[in-house]
Amino acid sequence: MSQIELRPGLADVPVAESAVSFIDGKRARLEYRGIAVETLARESSFEETAWLLLRGDLPTQKQLADFDDQLRHRRRIKYKLKDLIKCLPEHGHPMYALQAAVAAMGMFYPSRDITNQQSNWDSAVRLIAKLPTVVAAFHRLRHGDEAITPRDDLDHAGNFYYMLFEREPSPAIRKVIDACLVLHAEHTMNASTFSGRVTGSTLANPYTVISSAIGTLTGPLHGGANEEVLDMLEEIGSVKNTRAWVEDAVVKKKKIMGFGHRVYKVKDPRATVLQELAEHVFAETGQPVLFDIAVEMEKVCEGILGPKGIYPNVDFYSGIIYKALGIPRDLFTPIFAIARVAGWLAHWLEQLQNNRIYRPEQIYVGKQNQAYVALSQRP
Ligand code: SDX
């Protein structure tokens with residue numbers, strides 16, 4: 001057999017053909033179905049972007065109205081699922097509550113026949129509609145408060161904010177949340193999408209597919225970095241401490257959270273948009289010192305890490321925005337998940353059209369032809 005070349009982390013290894021999104025890592029370009037993500041964040045909505053990702057084209061006005069209506073009326077969760085969420089440890093991370101609830105959600109809706117297109121579509125709508133409800137319910141219940149019933153007169157972003165805080169966001173804040181959901185909705189073959197594809201390739205049901213993807217997103221090298229960025233900025237504490245902190249981290253070969261990317265070798269275009277969105281939020285909430293530190297950190301890192309192609313990624317500014325909106329830190333990654341579920345589902349549906357179970361190879365480096373030594377003969 002020819003010597004198979006090991007590719008750690010499958011770097012640069014194409015594992016599928018996909019038409020869902022495209023990244024040009026050198027030109028800081030990200031397109032969903034050919035449309036620039038900056039344009040979608042500014043002009044579109046999460047609901048319209050989810051349809052675009054799932055169906056491949058922008059919806060007609062009727063398609064969007066019907067899809068939006070389906071989402072609004074599928075937000076509620078079964079009382080038994082709420083009871084399950086109530087039994088979870090209050091101090092557990094909301095991502096684990098989300099993963100458990102989504103895996104269990106599939107038990108309420110028969111969805112094992114994934115050859116049934118209508119059933120697959122209904123599952124996709126339910127998952128997009130219900131993930132925000134699960135996140136908000138766990139957040140309320142862990143503080144001993146009742147979960148807030150979703151409102152079907154609010155859009156996706158506005159209703160999520162309402163279920164968290166029991167008040168509606170201002171139009172500017174609603175737009176920022178919606179844009180954040182658009183920016184996090186999809187990103188080619190990232191780890192959680194790949195994880196969902198592997199699970200989906202065994203013809204597992206969509207709730208299990210999304211539960212796999214959520215589990216993968218919890219890791220700090222992937223979705224969890226947005227929380228760690230805030231810890232890092234708070235540890236730095238001031239703009240004047242920034243350079244010394246970065247230089248020390250580089251000497252210690254520490255991974256700087258919110259920086260670096262397997263594909264982008266320039267600043268992540270989403271980080272650029274999030275930085276602009278932050279300024280819209282700060283117009284209402286005031287500009288936090290953490291943002292000043294972040295801007296200074298980006299400047300300092302450009303000189304030290306830039307030559308290695310290490311620049312801010314999507315997680316660098318998102319947490320600062322969420323903190324300014326009063327969103328608790330451990331909900332940052334769940335927000336990433338309630339957006340990315342659209343991309344995960346788009347890849348799942350696309351893969352089913354020409355599915356083959358993932359079963360890669362390995363390079364065996366262990367022992368061979370070993371004798372079995374009876375226990376009585378061992379020390
Ligand atoms: C996301 O894949 C996606 O699309 C993900 C995502 C999406 O939308 O789904 O974009 C979302 O996950 C953003 C990334 C969030 N994670 C972080 O911010 C954690 C910090 N970043 C790094 O852990 C790292 O940059 C990764 C995980 C993002 C990418 O890892 P790679 O491609 O495997 O790169 P690597 O670890 O092999 O690093 C290559 C070199 C190494 O130096 P050398 O050993 O060659 O000297 O670059 C260095 C690394 O030490 N490096 C960093 C660094 N990232 C890479 N050095 C300091 N700080 C960093 N953040």
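This is a predicted model: local features need pLDDT of at least 70, side-chain atom pairs count only at pLDDT 80 or more; totals for chains, interfaces and linings use all residues.
Me: Which residues come nearest to the ligand?
Reply: His187, Gly258, His261, Arg262 and Arg270 come nearest, out of 24 residues around the ligand.

Me: How far is the polar side-chain atom of His261 from an oxygen atom of the ligand?
Reply: The distance is 2.7 Å. For Arg262, a side-chain N or O atom is also found 2.7 Å from a ligand oxygen.

Me: And Lys308?
Reply: An N or O atom in the Lys308 side chain lies 3.3 Å from an oxygen atom of the ligand.

Me: What share of the ligand does the protein bury?
Reply: The protein buries 72% of the 1,000 Å² that the ligand exposes when taken alone.

Me: Where do the domains run?
Reply: Domain 1 covers 21-221 + 332-353, and domain 2 covers 225-324. Their C-alpha centres are 26 Å apart.

Me: How many residues are in contact between domain 1 and domain 2?
Reply: On the domain 1 side there are 25, in contact with 27 residues of domain 2.

Me: Switching to packing. Which residues have the most contacts inside the largest nonpolar core?
Reply: Ile210, Met297 and Ile321, in a core of 112 residues. Domain 1 and domain 2 each supply at least three residues to this core.

Me: What is Ile321 in contact with, leaving aside neighbours within four places in sequence?
Reply: Ile321 contacts Val176, Cys180, Leu274, Leu277, Ala278 and Val281.

Definitions and conventions
Residues are numbered from 1 along each chain as its sequence is written. Side-chain values use heavy atoms; hydrogens and water are left out. A residue is near a molecule or strand if one of its heavy atoms lies within 4 Å of it. A polar contact is a pair of N or O atoms within 3.5 Å; within protein, one must be able to donate a hydrogen and the other to accept it, and residues adjacent in sequence count only if both atoms are side-chain atoms. Accessible areas come from the Shrake-Rupley method with a 1.4 Å probe; for residues, only the protein chains shown count as cover. A nonpolar core is a set of buried Ala, Val, Leu, Ile, Met, Phe, Trp, Tyr and Cys residues joined through side-chain atoms within 4.5 Å. Buried means under 20% relative accessible area, exposed over 50%, partly exposed in between (1.4 Å probe, protein chains only). Domain bounds come from an automatic or database domain assignment. Contact means heavy atoms within 4.5 Å.
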